[in-house]
Amino acid sequence: MIPSAGMHSKLFIVAVLILGAGHGRAETRQAPLWEFGLGIGAAAFQDYPGSNTTRVYPIPVPYFVYNGPFLRADKNGLRGLLINQDWVELNISADINAPVPHDTARYGMPELRPTLELGPAVYFHLLNRDEGRLKLDLQVPVRAAFTITGSPQSIGWIGDPRFVLKIKDTFGMHGWETDLGSGPMFIDKKYSGYYYSVAPQYATPARPAYTAPGGYSGTQFGITLTKRFSGLWFAAYLHYDTLHGAVFLDSPLVQRDYDWSAGFGFAWILGRSTRLVEVTN
């Protein structure tokens, strides 16, 4: 499935002030124990945050939903492994980054290999109003990053806590769901160095040697829109990062002070369980 874009900002402070604290009554519904499907989509994104090279990739869109008693898998990821309460969940956070073979700023340097980021994420459910149609979560993921071609190599870690506002039946349109999110991003020195350091042997007059530090790496904003039809699932997202104040902003490999990506996808529902289970909205 298309990854949900991370996000956070003053928007959510305003939302808290308007809506007030507290939880609404949890609503339940009947749903299949599992569903699966497959589709296709496309995504456009920069080679890495700060790069001025943008690429467009076709992507497969797998769809899988599992509503087990202790394990859930849906558009929000894999969750409920250890903690699954009304106010908190323990999930799994994952991300995949594409390889960077021919970026102009990195000419003559080793290619950036594709990476996998994987780690735990704690979701705090701050608000649940109007029978689950309006929710506010604080999501706190921490992921370790590894290259996934050749000999796997650890390249450090990333953490990007964010507020996510979830809206069902957006603008009165039944079945459409919108996630709005924002928050800061942090990386360690090893992760920062993988993308932004320039070793002395790769230095040129236009690309001096540079050692990237770890720390604050920008703030992300994003919106995700999804809709489940009778036999089709649709998703689209738009993601923007501002790199103002990022610790690596002085790197000669940084050509822009922002990062963006966008994508969409369809998945056809190919099968579902005949067994129905009770699911909390």
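Which side chains meet in a salt bridge at 2.5 Å, N to O? Asp47 and Arg55 do. The views below come from a predicted model.

**View 1. Asp47 and Arg55 form a salt bridge.** The side chains of these two residues meet at 2.5 Å, N to O. Asp47 has a relative accessible area of 11%. That value is under 20%, so Asp47 counts as buried. A search of the whole structure finds eight salt bridges.

**View 2. Arg272 and Glu35 pair across two strands.** Their side chains meet in a salt bridge of 3.2 Å, N to O. Arg272 lies in strand β15, and Glu35 lies in strand β3. The pair therefore ties together parts that are 237 residues apart in sequence. Arg272 is partly exposed, at 39% relative accessibility. Glu35 is buried, at 7%.

**View 3. Arg133 and Asp169 link two loops.** The closest N and O atoms of this salt bridge are 3.3 Å apart. Arg133 sits in the loop between β8 (115–129) and β9 (134–147). Asp169 sits in the loop between β11 (162–168) and β12. The two residues are 36 apart, and the pair links distant parts of the chain. Arg133 is partly exposed, with a relative accessible area of 33%. Asp169 is also partly exposed, at 22% relative accessibility.

**View 4. Four charged residues form a network.** Salt bridges link Glu117, Arg143, Asp160 and Arg162. Side chains of opposite charge can pair when their charged atoms come close.

**View 5. A nonpolar patch lies on the surface.** Its members are Trp34, Phe36, Leu38, Ile40, Phe64, Trp268 and Leu270. Together they have about 720 Å² of accessible area. The elements that give two or more residues to the patch are β3 (34–46) and β15 (258–272). Strand β3 gives the most, with four residues. Phe36 lies in this strand. Phe36 counts as partly exposed, at 37% relative accessibility.

**View 6. Tyr191, Tyr195 and Tyr196 make two tilted aromatic pairs.** A pair of aromatic rings is described by the distance of the centres and the angle of the planes. For Tyr191 and Tyr195, the centres are 5.4 Å apart, with 40° between the planes. These two residues are four apart in helix α2 (residues 189–196), so about one helical turn separates them. For Tyr195 and Tyr196, the centres are 6.3 Å apart, with 45° between the planes. Tyr195 has a relative accessible area of 7%. Tyr196 is buried as well, at 3% relative accessibility.

**View 7. Six aromatic residues form one cluster.** Tyr48, Tyr191, Tyr194, Tyr195, Tyr196 and Phe248 belong to this cluster. A search of the whole structure finds 15 aromatic pairs.

**View 8. Lys227 sits over an aromatic ring.** The ring belongs to Phe229. The charged end of Lys227 is 5.2 Å from the ring centre.

**View 9. Ser182 contacts the backbone of Gln220.** Ser182 lies in strand β12 (residues 176–187). Its side chain reaches the backbone oxygen of Gln220 at 3.0 Å. Ser182 is buried, with a relative accessible area of 0%.

Definitions and conventions: Residues are numbered from 1 along each chain as its sequence is written. This is a predicted model: local features need pLDDT of at least 70, side-chain atom pairs count only at pLDDT 80 or more; totals for chains, interfaces and linings use all residues. Side-chain values use heavy atoms; hydrogens and water are left out. Patches are made of residues with over 30% relative accessible area and no salt bridge: like charges are joined within 9 Å, nonpolar side chains (Val, Leu, Ile, Met, Phe, Trp, Tyr) within 5 Å. Accessible areas come from the Shrake-Rupley method with a 1.4 Å probe; for residues, only the protein chains shown count as cover. Buried means under 20% relative accessible area, exposed over 50%, partly exposed in between (1.4 Å probe, protein chains only). Rings of Phe, Tyr and Trp (its six-membered ring) pair if their centres lie within 6.5 Å; planes under 30 degrees apart count as stacked, over 60 as edge-to-face and the rest as tilted. A charge sits over a ring if NZ of Lys or CZ of Arg is within 6 Å of the ring centre and within 35 degrees of the ring normal. A polar contact is a pair of N or O atoms within 3.5 Å; within protein, one must be able to donate a hydrogen and the other to accept it, and residues adjacent in sequence count only if both atoms are side-chain atoms.
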